[in-house]
Amino acid sequence: MEKSVKIVSKNFNYNNPESLEEYINSGGFKALKKVVRMQKEEIFYVVNVSKLKGRGGAAYPTGRKFEQAAEEKAESKVIVCNADEGEPSTFKDRALLEWAPFKVLEGMIISAYAIGADQGYIYIREEYLKLQQRMRNAIDLATKAGFLGENILEKGFNLKIKVVSGGGAYVCGEGSALAESIEGKSGRPRIKPPYIKQKGVFGLPTCINNVETLSIIPTLFSKDADDYITSGTVESKGTKFISISGNVNKPGVYEIPFGLTLREIIYDIGGGIPNNKKFKFMQLGGASGPIASEKSLDVKYTYEDLKENGLSIGSGAILVADETNNIVEYIKTVQNFFAHESCGKCTPCREGNKHLLIILDRFIKGMASEEDYDYIHRITNAMRISSFCGLGKSCTLPLISALKNFQQEFDECIEAQANPITAKENKVIV
Amino acid sequence: MNYCNVIIDRKKVKVPEGTTILKAAGQLSINIPTLCYYPDQSVKANCRICLVEVKDRKDLVTACSTLVWEGAEIITNSKKVLDARKTVLELILANHRQDCLNCIRNGNCELQDLSKQFNMSESKLPNISEKFPLDNSNPSIVRDKSKCVKCNRCVEMCETVQGVGALCYSHRSNEITIGTAYGKELENANCTFCGQCTTVCPVGSLYEKDNTEDVWNALDNQDKHVIVQIAPSIRVSIGEEFNLPAGENVTGKMVAALKRMGFDNVFDTNFTADLTIMEEGNELVHRIKNNRVLPMITSCCPGWINYAETYAPNIIEHLSSCKSPQQMFGAISKSYYADKIGINTEDIVTVSIMPCTAKKYEADRKEMHVDGVKEVDIVITTREFARMINSANIDFLSIEEEEFDSPFGIASGAGAIFGVTGGVMEAALRTAYTLLTKEELEEIEFEDVRGLEGIKEASVVIDNKPIKIAVAHGISNAKKVIEQIENGESEYAFVEIMACVGGCIGGGGQPVGSTLKVKKERIGQIYNIDKSNSIRKSHKNPEIIKLYEEYLGEPMSHLSHELLHTEYSPK
């Protein structure tokens, strides 16, 4: 039985995703036409009932976010589509932008209408250069067709949307750093309060939403809404776009209903592990997600079940590693990423990541000692409770969870001082 | 105003809404340690030293950036807090070149103080600081990147307060760098050498170029006649280096200390400040009467001159041609004074003690020479002067006061107020009034030009004609005034500009940590010095009158022009 579904991705088999005509013929912009006839309260009600949560990683209830944004009083408000997708092993936003640029745009226009935004930015990571062009094209066509610009659908609603290219910094996925970047500054997080919803891009109230979140919005106001809401579980309604990668036979982006087990996702959807190798560990939600062992394979993929097991959906990334991977080397790769991507503003993240990397290197070279555990715990603890932004706070999670699940492999590095591990036998993924 | 009831370290306090935890704790005499925080600057919250714990919250918050709320319960000294702070400090120290015993900030370093307070012991973390070459390419400021703690105070000072932006940050992660564009040396980075960055650096990463050794060498040379001049603002700031209250006037102690060191004569720059007024006042009157370029802008601040030459060359024709009091002193010390005491100019060493790093650069300018000899040989800042006093075994607190030597020892109150923003303007008006009307001004205190307001304006009626004037301090304020002038929108006749906030009492060579609060104290004392002086106008200074009678003739004379005036050129 096919376990992935096609609800949000129902009509994604366009001959030409850049064709507005094709999008409209498949039912596109019907949701927008419906929404502009609705009361704001009705719109929020629909979003709240769907229990839609932000799909970028933070899982903040989208309905509540919209209501808060609508409450802000300002001459002008901003809606941002966060397409910075910098989380390693996450590529579902890329697929959405590629397959359904107009769907993302429609979701953004509906959201802007709901919260009263008249300016929009689609912040797309630098590496998605072609998609930037694709979205610009979509904006142009939608503007010409009257779905964007002045007096949209003759409802007196104005919205201009601009594509902004990221500069390549992971931290710009963080809301305030993203706002700084849109303003043309280097991407470093701001002191909060004021929050982005109060003072964001150019000091205006700003509502930032992930690509996937926005692409789900039109479905909620379409005839597929029931299909969507009845998928999943009571707490985690609907579907999720996941990115499966690593040691699986069928890596890729899939739309799945919430509630499948991780085992089903990896073996049935992802096609299992190549060459009959054994599963060793997986990392959920991107580089800052926790490392889970096979003990977690039967956990259901829902917000609530994962949380109960110390895991989280995060960006929807599921990276699978087989038995040939060495955990210490894998974690060092992850640490290297954070040491490179820290913005450098605050001490714990800037210096802490660097020292963790040095310590992990000692483990790999067989030069670590018991004392290094003490340093790992002190540094990760300081980073977790005292960093400036979410990057520094969460980036220690892989290391901590790897130590919890695979302490033995770290211990072996200390014991094997005379016999250092070499990278030869161990394949490093990512 | 709404108030919040807060509990900090088990003690209740009521503070206005909008107060930070740091300030609320201060009211309870709880000193939360800080590093990137600086009272006059924006909150940065990047060092993460001022961490505190909030009841029922997992993560710690920074006291500098977090505002209190009704019912907040805060603990500043739990084990969790102390451990996190200590780890953060350990991380900072591991990327700081720990060269404490050889460091210019030894004993006066915020990082050193924290290490002591946190009871740091040897760290097992490897020190990962890179040893960069020192940037000592210019005569004023030295930069040691390997000691930088990335607090961003210098960047805010240079970029926001001064509006210069010679210092900025670049790169990210562990490679984040506080430096100049394209990593150029300061000399080539359009730095004005105002030195404000050195007064806010918490460690020894930015500091004045030390010339004290040059002074000791001069004093040691028996063939040289070594004299020293002391700028108006030093007397109200140097005491702080010896733990005296901010602003305390220690003129007599300062003079005595210099005599103990062996200077042949100790003179007062206030005297040449009076001389500057004689020349500048006459230049202003000349410009007004002959419809020459107005407004005339003061030229005694070398940081400002560097800024104008680099960033606003169109403004150069507005600059007064008068040299600064430091250079006027140098010029007459190598001419009139040399003649008077019968010593060759080559054998006179003129030292000046200045509140300013840009003065070192000024003394090196090619224009500032008399017959090929440097007018001022060595410039040291307030901080260097304090170090010399310590090296010379002088107990500054108990030393018996002495008086300036003649002939440059008498100064008017007008000369004294050169040290504060608005002072040059006020002193000039006291004299220019007389020059224009041949009458004496009765109301000599110009309240409108006093104080720390960034741009001050006033209108003075002279000869039934209103003359509009303006005073700006801090380069970002000055930029606003010169923009008006450049656009031809300015109605001013005379503008005073000082590069540093507060004027020279807030100069880049003054004691580290010259906050606005400290500056206010210094300003108050400078005005007291003026008030208690029996001579309050430059043209009434008997030694000035004598100098013109014996040597210069009259202001703007041929000799005056040769010695006391200069020119500027775009950089």
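Analyst: A helix here is a DSSP run of H or I with at least four residues, a strand is a DSSP run of E with at least two, and both are numbered from the N terminus. By that rule chain A has 17 helices and ten strands. The model is predicted, so local features need pLDDT of at least 70 and side-chain atom pairs count only at pLDDT 80 or more, while totals for chains, interfaces and linings use all residues. Residues are numbered from 1 along each chain as its sequence is written, and chains are lettered from A and ligands numbered from 1 in the order in which they are written.

User: What makes the radius of gyration of chain A agree with that of a compact globule?

Analyst: The radius is taken over C-alpha atoms, and the globule rule is 2.2 Å times the number of residues to the power 0.38. For 430 residues the rule gives a value near 22 Å, and chain A has 22 Å, therefore the two agree. Along the principal axes, the C-alpha atoms of chain A fill a box of roughly 75 × 50 × 35 Å.

User: Why is I122(A) called buried?

Analyst: A residue is buried if 20 or more other C-beta atoms, placed from the backbone, lie within 10 Å of its own; 12 or fewer make it exposed, and values in between make it partly exposed. I122(A) has 27 other C-beta atoms within 10 Å, so I122(A) is buried. The residue is part of strand β2 (residues 119-124) of chain A. Across chain A, 55% of the 430 residues count as buried.

User: Which residues are in contact with I122(A), leaving aside its neighbours within four places in sequence?

Analyst: Contact requires two C-beta atoms, placed from the backbone, to lie within 7 Å. With those neighbours left aside, I122(A) is in contact with C81(A), A83(A), M135(A), I161(A) and V163(A). For the chain as a whole, 72% of the contacts in chain A with a separation of 6 or more are between residues 24 or more positions apart.

User: How many residues of chain B are in contact with chain A?

Analyst: In chain B, 25 residues are in contact with 27 residues of chain A. Helix α2 (residues 79-93) of chain B gives the most to the side of chain B that touches chain A, with five residues. By class, that side has 14 nonpolar, six polar and five charged residues.

User: Why are β11 and β16 of chain B said to stand at the edges of their sheet?

Analyst: Two strands pair if DSSP finds at least two bridges between them. The open sheet of four strands has the order β11-β10-β13-β16 (chain B), with parallel pairing. In it, β11 (265-268) and β16 (378-381) of chain B each have a single partner strand, so one side of each is left without a neighbour in the sheet. Further in, strand β10 (residues 225-230) and strand β13 (residues 348-354) of chain B pair in the parallel sense over six bridges. There V226(B) stands opposite V349(B) in β13(B).

User: What makes β1(B) and β2(B) a pair?

Analyst: Strand β1 (residues 3-8) and strand β2 (residues 11-16) of chain B pair in the antiparallel sense over six bridges, and because at least two bridges are required, the pairing holds. I7(B) stands opposite K12(B) in β2(B). The two strands β1(B) and β2(B) form a hairpin with two residues between them, and D9(B) in the turn has a positive phi of about 45°.

Methods: Ala, Val, Leu, Ile, Met, Phe, Trp, Tyr, Cys and Pro count as nonpolar, Asp, Glu, Lys and Arg as charged, and the others, Gly among them, as polar.
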